[in-house]
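Hi everyone, thanks for making time.

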Amino acid sequence: MFNFYTLIHFTFAGFIALFPVINPIGTAFIVSPYFSGLNKQDRISAVKRIALYAFSICLFTLLTGHWILELFGVTIPIIQLAGGTMICKTGWDFLSPSKQNNIDKTINENEDLSHQLESKLFYPITFPLTTGAGTISVLFTLSAHGASKNISQYIINTSAILIAVIAMCFLVFICYINANRLIKYLGSEREKIINNIMAFLIFCVGLQIAVEGITQLVLQISRTLHPIG
């Protein structure tokens, strides 16, 4: 029997859980320099692909990620540690003046900006900046909570999580498209300040995810060496 309350509950829980790890508003400021110099049509086309990539990662993780990790013997703490390290590196690169100068120089000198951006749409813009280790971990957790032997209940729970994912991808699209408007309103100096703040926050988020991974690994080792009972 269809349970509308469960659908709403899981959708809301999924949205609330995914919002801080995807952070479409904050990340929009970080990825905005990649779109500098693009015309409106090219920007919309690029952001559409990012949203599609993000949805694909989330869908793949939700439906098959658990079995893939089991196949390769990779645990969630390892994903958190590796993904958190990648996010830290990305945030650090944006905080580095030499890196930022290289980005600005490339943007100013390269005429084919859309072609230049092509290789960066998936990595690092989609993964790990938009959907990274934090997103994967949250989806694993939501999937575990939504697991049920009742096939109809499982379909309802999974559908609810997918609705939350679609809503987040839509927010990513809206925020990424409109970030440049707010940046232009703030001015170039304030833009640099905001970009630096957001880069620092991205670094902190990556560090937090990595620390959580290390903590879980330490707990697993401790349980292995000192089993209860």
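Let's start with Phe72. Is this residue buried or exposed? Phe72 is exposed, because its relative accessible area is 62%, and the cut-off for exposed is over 50%. Keep in mind that this is a predicted model. Phe72 sits in helix H3, which covers residues 40-72.

Okay, now the inside. The largest nonpolar core has 45 residues. Which ones have the most contacts inside that core? Those are Leu18, Tyr34, Phe35, Leu117 and Tyr176. Several helices supply at least two residues each, among them H1 (4-22), H3, H4 (76-95) and H10 (188-225). The largest share comes from H9, with 13 residues.

Setting aside residues up to four places away in sequence, Phe35 touches Arg43, Ala46, Val47 and Ile50, plus Leu117 and Tyr176.

Last stop: Thr158, over in helix H9. Thr158 counts as buried because its relative accessibility is 12%, and buried means under 20%. What does Thr158 contact, leaving aside neighbours within four places in sequence? The answer is Leu62 and Leu63.

That's my tour, so over to you for questions.

Technical notes
Residues are numbered from 1 along each chain as its sequence is written. This is a predicted model: local features need pLDDT of at least 70, side-chain atom pairs count only at pLDDT 80 or more; totals for chains, interfaces and linings use all residues. Side-chain values use heavy atoms; hydrogens and water are left out. Helices (H or I, at least four residues) and strands (E, at least two) are DSSP runs, numbered from the N terminus. Buried means under 20% relative accessible area, exposed over 50%, partly exposed in between (1.4 Å probe, protein chains only). A nonpolar core is a set of buried Ala, Val, Leu, Ile, Met, Phe, Trp, Tyr and Cys residues joined through side-chain atoms within 4.5 Å. Contact means heavy atoms within 4.5 Å.
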